[in-house]
Amino acid sequence: MMEKLQEHELGAFLHEHLKDNSRYLIVLDDVWSPSDWSCLEKRSSNDPDCLGSVFPDGGKGSRILLTTRYKEVASHVDVHSIPHEMRLLSKQKSWDLFLRKAFLDIDAESYLPDLKELGEKMVDKCNGLPLAIVLLGGLLSKNMSHIEWKKVHDNMSAYLAKEGSQTGVMTVLNLSYIDLPSYLKPCFLHLSLFPEDYVISTRKLLLLWIVEGFVLEQDRQSMKDTTEIYLNELINRNLIQVNFITKCFKVLRVLDLEGLGIEKVPSIIGELIHLRYLGLRHTGLKMLPLSIGNLRNLQTLDINNLKRVPDVIWKITNMRYLYIEEQEEDDPLKIDTVQNLQILSGITFNQWIRNNSSKLTCLEKLKIEGRCELVEGVEFSNSIAKLHSSLKSLYLKASNESSIPSLAMSSCPHICKLDIKGRMQKLTETFQFPQNLSQLTLEACRLDCDPMPILEKLPKLLTLRLRAGSYLGKEMHVSANGFPRLEKLQLLGLSGLVLLNILKGAMPWLMQLCIHLTPEIFGLHELLNLVDVRILSIPSTWATSLQDQFLFRGIEVSFWGLTSGWNSYMSSKRSNISKLQTGFGTVSWLS
């Protein structure tokens, strides 16, 4: 009876039938064009031009589920909803679907040991496409022999093209091709010139289409713009996957290329508007494009050894962590608009003083480096003082024999870690140090006067590192009650040091001592909490003293760069050392 109904009569019949039911679910599969949907919306018992919905909305929770391969159709059906875009299946889901179709109700385990490897290779070639996987599984379910599966594996394209008659992959593809407008057909056929699974550059593809004459110039629209429209039409018809790759790239949040050799970053990187982390350290890059300033959501930029940093960082107001160490040039760099900045590492002295540091209210860690001859001490000191409420870690690194600007840090009470590498006119007085300082490292400061009388008064200092060139003198003296909370002391590369004198009551909590080119040390026996001694390039003349002061106190001692004389001495004492390792501590030596 229904076969005899006219189109409008069928619409009216369907409307009345659905209206009488409480609610309904209608599934419309594979709608090809907006006009097909518009036709379904028309209903009238008499007038086919009278508009009305075939599907009544009675407010009872009825739903229509529509599938289509075209975004244009999905958008036309309901402009207020966001269409659900089907994604390619993951490797595991592809395999699960294949098992269901290939083995049906049969126990797959009884076949898998022999066929699994072949099956996995064939499923991989389907690239997550459900239609191809279903056809493949149906084909292989007819014959479970290894020989037949091998035949399919060796010529998958031919088998899938003919499998399923009107539903084969090539048949479906042919229908999609027939439906293409004439101007898109040569563009689509052109893709067949590329090898299977070849990743095609969008830029290159568009240029080829123009050269081949597939695109005609139109008024008020360049050939390039027209070509991009053609490409997007093919993408929206799901005939190519280029846009999927592009979209994935454009929504990228993390891009870490550390250690890769890169000559240039293309300006298109500025289109990655969702990017939050960009890692380019040790890539060899010397320049960044100005488009980097478009990355408004970027929170971390990590790069080093640039020739110059483009002066667009001020645009990236969401930046939290900025690492730009070892710039070759000292061009101006505005950063005081980046008020969320928490770590700034590698800005130069000259760049720093040109910014209003009072705006950087979140800055916790700061590393300033480079030449500083033209930096005035009071101005620099004031710029650091403006960070009094946030700064916790400060690293100053001067280059080319220039001197670190004078600095009074007492106005930054929250600084707990301070590193200074570079010449200093003199050591800051104790009262000018942050009173919460817990870790201090000095290197290449070229101090003439013993720094211990000043440093030993820091009440909360836990770690002190005096490295190569920090002190040029011959003697160091630690007074009684000096360093009341010090736990780790490191003296490395102090080539002129010949005497370290520790008075009774000094460094009561020292647990680790690391020394290079060991001087003569007095007062070690008073360090009652010392448990770990690390010694580099020790002279053999210190052997007897070491035995008396360390070995029988259960202290762990590590030696690096021993002389042959000292090796002979230690060899003669191995029986004692073995005993110490099990009962009183550890002695180890490395030549």
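First, the term: buried means under 20% relative accessible area, exposed means over 50%, and partly exposed is in between, with a 1.4 Å probe and protein chains only. Glu 328, for example, is partly exposed, at a relative accessible area of 49%.

Some background. This is a predicted model, in which local features need pLDDT of at least 70 and side-chain atom pairs count only at pLDDT 80 or more, while totals for chains, interfaces and linings use all residues. Residues are numbered from 1 along each chain as its sequence is written, and side-chain values use heavy atoms, leaving out hydrogens and water.

Now the inside. A nonpolar core here is a set of buried Ala, Val, Leu, Ile, Met, Phe, Trp, Tyr and Cys residues joined through side-chain atoms within 4.5 Å. The largest one has 89 residues, and Trp 352 and Leu 366 have the most contacts inside it. A second, separate core has 19 residues, among them Trp 95 and Cys 126.

Next, helix α7, residues 146–154. Helices are DSSP runs of H or I with at least four residues, strands are runs of E with at least two, and both are numbered from the N terminus. Which residues of α7 are buried? They are Trp 149, Val 152 and His 153. Seen down the axis of α7, the buried residues fall within an arc of 100 degrees, so they line one face of the helix; the arc is taken from the directions from the helix axis to the C-beta atoms. Ile 147 and Asp 154, on the other side of α7, are exposed.

Then the salt bridges. The rule is a side-chain nitrogen of Lys or Arg within 4 Å of a carboxyl oxygen of Asp or Glu. By that rule there are twelve.

Back to Glu 328: its side chain meets that of Lys 286 in a salt bridge, 2.5 Å from N to O. Glu 328 sits in the loop between β6 and β7 and Lys 286 in the loop between β4 and β5, so the pair ties together parts 42 residues apart in sequence. Lys 286 is also partly exposed, at 36%.

Lys 121 and Glu 117 form another salt bridge, at 3.6 Å, N to O. They are four residues apart in helix α5, which puts about one helical turn between them. Glu 117 is exposed, at 54%, and Lys 121 partly exposed, at 40%.

Finally, Lys 307, Arg 308, Glu 329 and Asp 331 are linked in a network of salt bridges.
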